[in-house]
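Please open the structure in your viewer and keep the selection tool at hand.

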Amino acid sequence: MFDFQYFTPTKVVFGKNTESRVADLIKEFGGTKILIHYGGGSVIRSGLLQRVTDTLQAAGISFVTLGGAVPNPHLGLVYEGIELCKKENVDFLLAVGGGSAIDSAKAIGYGVVNEGDVWDFYDYKRKPAGCLPLGVILTLAATGSEMSDSSVITKEEGLVKRGCNSDFCRPKFAIMNPELTMTLPDYQTACGCTDIMMHTMERYFSNGGNMELTDALAEGLLRTVKKNALILRDDPKNYDARAEVMWAGSLAHNGLTGCGSDGGDWMTHKLEHELGGLYDVAHGAGLAAIWGSWARYVYKNCLPRFKKFALNVMEVSNAGTDEDIALRGIEAVEDFYRSINMPTNLRELGVNPTEEELALMAKKCAIGVGGAKGSARLLDEAAMLEIYRASL
């Protein structure tokens with residue numbers, strides 16, 4: 001077990017109609033002039049954005065709005081938000097939506113309070129020294145950005161997707177009403193469940209220190225999401241299942257399931273970032289498409305963890321060699337992905353890269369991680385390319 005620090009300052013307000021409390025929460029954390037940042041038309045069509053603005057107007061809170069956040073959120077919109085905040089003297093950000101709107105809002109917050117180009121933080125040239133405070137009204141359980149220290153942005157020039165991690169960007173509050181996720185398309189719900197599970201699996205498959213308690217929490221979370229993803233496949237309006245998945249999304253990425261470890265592996269995410277940057281695929285689907293190939297490449301180097309996962313999470317039979325059990329666990333994960341209509345390779349994802357494009361992704365991925373990365377198994381550019389090839 002490694003020493004660790006655990007920091008989760010976000011105030012969570014969870015349950016039905018909790019979005020009605022947004023004005024009080026903004027005042028509690030000192031907001032007086034707000035940028036409401038959101039994505040596409042769903043928050044408009046559902047009436048959520050109107051309810052939020054009505055609530056703020058009734059409370060006498062000034063605001064401006066900026067829509068347009070997209071999956072794999074773009075740097076160009078971040079720049080636009082930074083300029084709008086400076087022009088309007090915004091002192092608090094409110095992200096209404098899923099991880100894309102939240103990540104974009106975090107990047108805007110970095111850009112407002114730090115001098116220079118905000119992309120420097122995502123290009124690992126500098127570290128942020130602060131962030132404009134922000135709150136969240138969550139409409140999609142997936143990324144965990146509502147409680148995490150993470151923000152991922154795509155630079156349109158060169159199609160480069162990178163992340164920045166800092167405690168400065170952790171939201172002050174997160175409003176989580178499971179009912180707000182009930183209008184999601186089934187595909188987005190499944191992508192979200194996949195992303196939630198992967199955030200925990202990235203931390204689980206490591207050759208660093210581990211805690212039994214942390215493992216038990218991680219395994220319980222994974223079993224819970226797996227169970228409720230199947231319920232939502234058949235009954236999308238099931239409130240209890242929505243609530244379980246929404247809370248799991250936050251716990252999967254606020255650091256809880258990594259306490260005592262070396263921080264995790266994270267190479268499935270890094271490999272997917274290049275897919276998302278180049279092909280603009282849904283993040284959860286991209287993770288599902290690449291995970292099996294990554295797992296088969298690394299499992300022998302992390303065999304005890306893969307065996308434990310197979311038995312305790314995927315509940316395969318404890319028969320045969322450790323390798324047999326581990327491989328059955330990998331196959332069970334892919335069977336689960338198929339059961340919720342997630343892809344298990346790039347072809348099913350709808351992506352058909354050329355050899356040159358595979359090599360380009362491997363090169364960009366290696367640059368992004370500083371040459372090599374991975375805890376289950378250290379991967380260099382050649383290994384990354386092999387995994388991409390295996391995922392075709």
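Begin by selecting helix H7 (residues 186-204) and helix H10 (residues 267-279), which pack at an angle of about 130° with their axes 9 Å apart. Helices here are DSSP runs of H or I with at least four residues, numbered from the N terminus, and axes are lines fitted to C-alpha atoms over the stretch in contact, with angles running from 0 to 180 degrees between N-to-C directions. H7 and H10 are therefore oblique to each other, a word used for the angles left over when those under 35 degrees count as roughly parallel, those over 145 as roughly antiparallel and those from 65 to 115 as roughly perpendicular. Next, show the side chains of Asp195, Met198, His199 and Glu202 of H7 together with Met267, Thr268 and His269 of H10, which make the contact, where contact means heavy atoms within 4.5 Å.

This is a predicted model, in which local features need pLDDT of at least 70 and side-chain atom pairs count only at pLDDT 80 or more, while totals for chains, interfaces and linings use all residues. Residues are numbered from 1 along each chain as its sequence is written, and side-chain values use heavy atoms, with hydrogens and water left out.

Now move to helix H4 (residues 75-88) and helix H5 (residues 99-113), whose axes come within 8 Å and cross at roughly 50°. H4 and H5 are therefore oblique to each other. To see where they touch, select Leu77, Val78, Gly81, Ile82, Cys85 and Lys86 in H4, which meet Ser104, Ala107, Ile108, Gly111 and Val112 in H5.

For the last stop, which residues line the largest cavity? Select Leu140, Ala141, Thr181, Leu184, Gln188, Thr189, Leu232, Arg242 and Val245, which form its lining; H7 and helix H9 (239-252) are the elements that give two or more residues to this lining. A cavity is a set of points, on a 1 Å grid over the protein atoms alone, where a 1.4 Å probe fits but cannot get out, and lining residues have an atom within 4 Å of a point. The largest cavity has a volume of about 60 Å³, the volume being the space filled by probe spheres set on the points, which are joined across faces, edges and corners.

Note on methods
On a 1 Å grid over the protein atoms alone, a cavity is a set of points where a 1.4 Å probe fits but cannot get out, and a pocket is an open set with protein on both sides within 12 Å along at least five of seven lines; lining residues have an atom within 4 Å of a point.
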